[in-house]
Amino acid sequence: MMWVPSIAFLLLTLSTICYGENPGAKILITEQGLQKGVEYLVSEMISNNTVYKLPDMVGRENIASEDMSYEFTQIEMVKFHHGTVSSRWVPETGMHVLMENGKAIINSNWKLDSWLINDSGSCVLTLIGLSVNIMMGIRRIDPGVPSIYLLDCQSSVQDVDIQMLGGVSYVFDSLKEPIQNVVKRSVTQQMCSSMRNEVKKWDQSFIQLNLNLTLNHFIKFDLSLVGNPEISDLYANMGLKGHFHSPNVSHSGNAFSPAPITIPLQNGAMIYIGISQSSLESLCFAYYSAGFFTFQVSQMVGSKDLTTSELANYIPEISQHFPDPTPVIIELHSTRPPLVFLRPNNMTIQFGGSLQTHVYPSKDKTKNIFSVNIVATFQASILLAEAIGAQEGSHAANKGQKGDVSEKRVQELFHDVVMPVVNEKLAGGIFIPSKILTNATVNIQQGFVILAADMK
């Protein structure tokens, strides 16, 4: 019966990003998404747990006019078919899950004791028409972790067939029907009791979750809930902090104030994920704080070896100092965190950095020819859409070791050498990998982007 709490696990761990008065990201799961998740998890839990132990059944019963004590111990469910499963959201509460017409096969030891019969053995119980009807609540508790709890549980078994093994089994022909009634009643009571215990175990595992995840040595990712899930009869809407940050660098200088995210139910998808502009900027800031965003242009253009000859096409005066082709390395250093701008049907990334050009006249020598500040603006789509392209510019050129360098010429160099490579990489869009989502579409709005998808 562990599959039911895992439904909440799916809902509360698919969510993505942010932090502030508004959540930086939201995940909205529709009723179709809930149903798909329930069906998947029921199948997975059953296939991964073919043996499930149940509590002992012990008591006294008047059977065939005899006061008889009974014991069914070492009870193991060895096969289970869940039948039909349906689910729905319960507004402002959680979810309702109904499993009907299930079937289970249980192995057990038995013992009967009265003044007439004192015997024991083993048996095979077949439960027919097994139904479980539960209602679960979902909420947030400090410090932003999910909590699940069982609100209601009803279970029933239509019929029980018992095959007695061992003992003087011929005696039980007259006792079979009353024993079946005892087992039927006891199993019905035990199912909800077991369910309640399982929910408590899963809730404890949620409480102990560390939702400030370490993605690598440089970046951490806060996935804690910012509030209780908003649940209607059509969907569950959840917001998380999801703030990216570098653990050893103060991020106080990076204002994080996500705008409200509104997710409209447009194309009947199972899951909608809204990601704010502030969330993406926090990722850029975290990588910048960790010392990333330094690139070698020669690596960006593949195996092409740059020399002063290529630079002389744009900056002729270089040939005066290096008449023979001399190896050149151009490095692009970010001087501030990249900025992300989300506008209707457009994502723009602005990169501000320093373009530093070094020449290597010999293995042991290096010279800085020039350094120029560059501001490049890239416009891209997400997933399968084609990139719009890139625009570039430069601020006032700095004086290098070989004299003044024309800002316009450096701009042309950057445009002809770097931009084609960047545009080629953006041409297919920015892909979001996922093993569980399909039929994904993206809608970029002012300040946030919405991903709509189905579950595989």
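Author: Two strands pair if DSSP finds at least two bridges between them; the strands (E, at least two residues) and helices (H or I, at least four) are themselves DSSP runs, numbered from the N terminus. You're looking at a predicted model, where local features need pLDDT of at least 70 and side-chain atom pairs count only at pLDDT 80 or more, though totals for chains, interfaces and linings use all residues. Residues are numbered from 1 along each chain as its sequence is written, and side-chain values use heavy atoms, leaving out hydrogens and water.

Reader: How many helices and strands does the protein have?

Author: That tally rests on the DSSP runs just described. The protein comes out with eight helices and 22 strands.

Reader: What share of the residues is buried?

Author: Buried means under 20% relative accessible area, exposed means over 50%, and partly exposed is in between (1.4 Å probe, protein chains only). The protein has 456 residues, and the buried share of them is 49%.

Reader: Of the contacts with a separation of 6 or more, what percentage is between residues 24 or more positions apart?

Author: A contact here means heavy atoms within 4.5 Å. Among contacts in the protein with a separation of 6 or more, residues 24 or more positions apart account for 66%.

Reader: Over to strands E21 and E22: which residue of E22 stands opposite Asn-443?

Author: E21 (residues 437-445) and E22 run antiparallel and pair over seven bridges. They form a hairpin with two residues between the strands, where Gly-447 takes a positive phi near 90°.

Reader: Which residue in E6 is the bridge partner of Tyr-70?

Author: Strand E4 (residues 66-81) pairs with strand E2 (residues 52-54) in the antiparallel sense over three bridges, and there Leu-54 has Ile-75 of E4 as its bridge partner. E4 also pairs with E6 (residues 94-113), again antiparallel, over ten bridges. For Tyr-70, the partner in E6 is Leu-112.

Reader: Which strands do the buried residues of H4 pack against?

Author: The buried set in H4 includes Gln-277, Glu-281, Cys-284 and Phe-285. In general, an α-helix has 3.6 residues a turn, so residues three or four places apart point the same way. The buried residues of H4 pack against strands E13 (244-245), E14 (271-276), E17 (339-343) and E22 (448-455).

Reader: In the open sheet of three strands, which are the edge strands?

Author: The sheet has the order E9-E10-E13, with antiparallel pairing. Two bridges join E10 to E13, and Lys-220 stands opposite His-245 in E13. An edge strand pairs on one side only, and here those are E9 (212-214) and E13.

Reader: Asp-222 has no salt bridge, so what is its nearest side chain of opposite charge?

Author: Asp-222 is found in strand E10 (residues 220-222), and its side chain makes a polar contact with that of Ser-224 at 2.8 Å. A polar contact is a pair of N or O atoms within 3.5 Å; within protein, one must be able to donate a hydrogen and the other to accept it, and residues adjacent in sequence count only if both atoms are side-chain atoms. For charge, Lys and Arg count as positive and Asp and Glu as negative, with His and the chain ends not counted. Asp-222 is buried, and 4.3 Å away is the nearest side chain of opposite charge, Lys-241.

Reader: Which residue forms a salt bridge with Asp-142?

Author: A salt bridge is a side-chain nitrogen of Lys or Arg within 4 Å of a carboxyl oxygen of Asp or Glu, and the whole structure has two. One joins Asp-67 to Arg-60, with the closest N and O atoms 3.0 Å apart; Arg-60 is exposed at 52%. In the other, Asp-142 is exposed because its relative accessibility is 63%. With closest N and O atoms 3.1 Å apart, the partner of Asp-142 is Arg-140.

Reader: Last one: is Asp-324 buried or exposed?

Author: Asp-324 is in the loop between helix H7 (318-321) and strand E16 (328-334). Its C-alpha is 9.2 Å from that of Thr-307, 17 residues apart in sequence. Because its relative accessibility is 56%, Asp-324 counts as exposed.
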